[in-house]
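Here is a friendly tour of a two-chain model, with a look at how the chains meet. Have the structure open as you read.

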Number of protein chains: 2
Amino acid sequence: MPVMAINQRAQAYFEDLRDRICAALERLDGATFERTRWDRQGGGGGEMALMRGGVFEKVGVNVSAVRGTLPERLRAQVPGAGSGAFRACGISLVAHPRSPMVPAVHLNLRRIETTAGWFGGGTDLTPYEPFAEDTALFHQRLKACCDRHDATYHPRFSAWCDEYFFLRHRNEPRGAGGIFFDNLDSGDVEADFAFVRDVGETFLATYPEIVSGRKELPFTPAQRDAQLVRRGRYVEFNLLYDRGTTFGLETGGNVEAILMSLPPEVRWP
Amino acid sequence: MPVMAINQRAQAYFEDLRDRICAALERLDGATFERTRWDRQGGGGGEMALMRGGVFEKVGVNVSAVRGTLPERLRAQVPGAGSGAFRACGISLVAHPRSPMVPAVHLNLRRIETTAGWFGGGTDLTPYEPFAEDTALFHQRLKACCDRHDATYHPRFSAWCDEYFFLRHRNEPRGAGGIFFDNLDSGDVEADFAFVRDVGETFLATYPEIVSGRKELPFTPAQRDAQLVRRGRYVEFNLLYDRGTTFGLETGGNVEAILMSLPPEVRWP
């Protein structure tokens, strides 16, 4: 039996992880995800899964596998870009809970191949009403996950997260951090893939647990209002700085899938 | 008596125009503008005027006069940037009416001086519920204004507006157009300044008239909802594409003043 290429195995894992995350979030909420397939002009496509429920005002999970040629102006930034041929697959999730007591979260895992190949991704938490024990649990689980693979990962990837999700124009972080990594190519692709899967499993074991502990708490209109204002920072980050967003829009990605991460309701007072 | 330099006269005009626009919008609304002065690290500052009323959910008018040194990476884009010294003054207005029957509007007029000097600006309308006669009036008044100065202005500046306020990622225009111009330096600075003043006066004679005719109309929750979604396009444009926004944020402008243009309430459903 032929061995599946790493990008196919990554894609299969991302789809399976998506199914299990969606099932877990549906159990927390009671609503169901709606799925929409989309094709990309230039090669490949993906599937958006979107749920609007009582707990999750809007949560989107997008799995995509695309291939094509990188626009020339982007090649300088991409390792091994050569003549521009690339393929990429990934999972991307953003959850915007209705209650300000429940933190928003972002997860992304991806495999990119040019003449080189690497993994990237991460997950980070954006609390509105801060519960120190939620943030501590999130960081602690991610640290344990990283430490199972490489003792240098957590210090490096948590610092990278803090640096990446920083709003320079406001001189403030977007949220409470987590981990972020890119160009992960240790030389042992199986070890790298195992780490990426562990991040996925750690997310699945942790975020629903945090939501479960907070989703029934009462909140005030003032707390809700503060959440809507704070969500503006999420929009500012995604449209001003996020490389995934601008890369996706510039390479002809699916607009609805790329901007699915934007919060359902926002205020700039 | 010494003759005032053109940049000082432009600044004085922008402040006077601001006062007259604020008075006109206050008469339409019944609420009042609150003004906040701000200083810019590196030189100069400005004054934000913000009104939240019954007719205008949020309307901001910012007048600023700044000077300093352009960051090196921006100099290639700026005529006569030389060693980077610049000064700039301008007026910027964005009005987000509460009713979807009343169009949003944007106005900007500016004078910039490096070793060269030029005017820029424009005004454009973003209707939610389209009234053909409002859009027609807006374009007709701007065309008459342009034609008083140069027969080539209106065709050039209205096409420039359509091109500038275009959301490439959605392949759609932001609104119904208007005029946009930059690097205006005909060789006759008095003529250029007279044109800029005429744009200001045309705005003041036209937009309040449009608001006045629509502000009492009833509207449905579905029309309000469509307005909140459509406002998302405004945010996407300003954060993804607008050179004024990114230039301001990169040159250490006042964040609140720059992002004052963002709508008060937005939905991405």
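This is a predicted model: local features need pLDDT of at least 70, side-chain atom pairs count only at pLDDT 80 or more; totals for chains, interfaces and linings use all residues.

**How the copies meet**
- The copies meet through the same surface, because 100% of the interface residues of chain A are also interface residues in chain B.
- Chain A brings 21 residues to the contact, and chain B brings 21 residues as well.
- Between them, chain A and chain B bury about 1900 Å², and 63% of that area is on carbon and sulfur atoms.

**Polar and charged links across the interface**
- Two salt bridges are counted between chain A and chain B.
- In a salt bridge, the side chain of A:Arg170 meets the side chain of B:Glu256, with 3.2 Å from N to O.
- Nine residue pairs are in polar contact across the interface of chain A and chain B, with both residues at pLDDT 80 or more.

**What chain A contributes**
- On the side of chain A that touches chain B, at least two residues each come from helix H6 (221-240), helix H7 (243-250), helix H8 (255-258) and strand S10 (265-267) of chain A.
- H6(A) gives the most to this side, namely four residues.
- By residue class, the side of chain A that touches chain B holds 12 nonpolar, two polar and seven charged residues.

**Strands paired between the chains**
- S10(A) pairs with strand S10 (residues 265-267) of chain B in the antiparallel sense, over three bridges.
- Within this pairing, A:Glu265 stands opposite B:Arg267 in S10(B).

**A closer look at A:Gln223**
- The side chain of A:Gln223 reaches the backbone nitrogen of A:Thr220 at 2.9 Å.
- Leaving aside residues up to four places away in sequence, A:Gln223 touches A:Pro100, A:Met101 and A:Glu129.

Key: Residues are numbered from 1 along each chain as its sequence is written. Chains are lettered from A and ligands numbered from 1 in the order in which they are written. Side-chain values use heavy atoms; hydrogens and water are left out. Contact means heavy atoms within 4.5 Å. Buried area is the accessible area (1.4 Å probe) that two parts lose on being put together, summed over both. A salt bridge is a side-chain nitrogen of Lys or Arg within 4 Å of a carboxyl oxygen of Asp or Glu. A polar contact is a pair of N or O atoms within 3.5 Å; within protein, one must be able to donate a hydrogen and the other to accept it, and residues adjacent in sequence count only if both atoms are side-chain atoms. Ala, Val, Leu, Ile, Met, Phe, Trp, Tyr, Cys and Pro count as nonpolar, Asp, Glu, Lys and Arg as charged, and the others, Gly among them, as polar. Two strands pair if DSSP finds at least two bridges between them.
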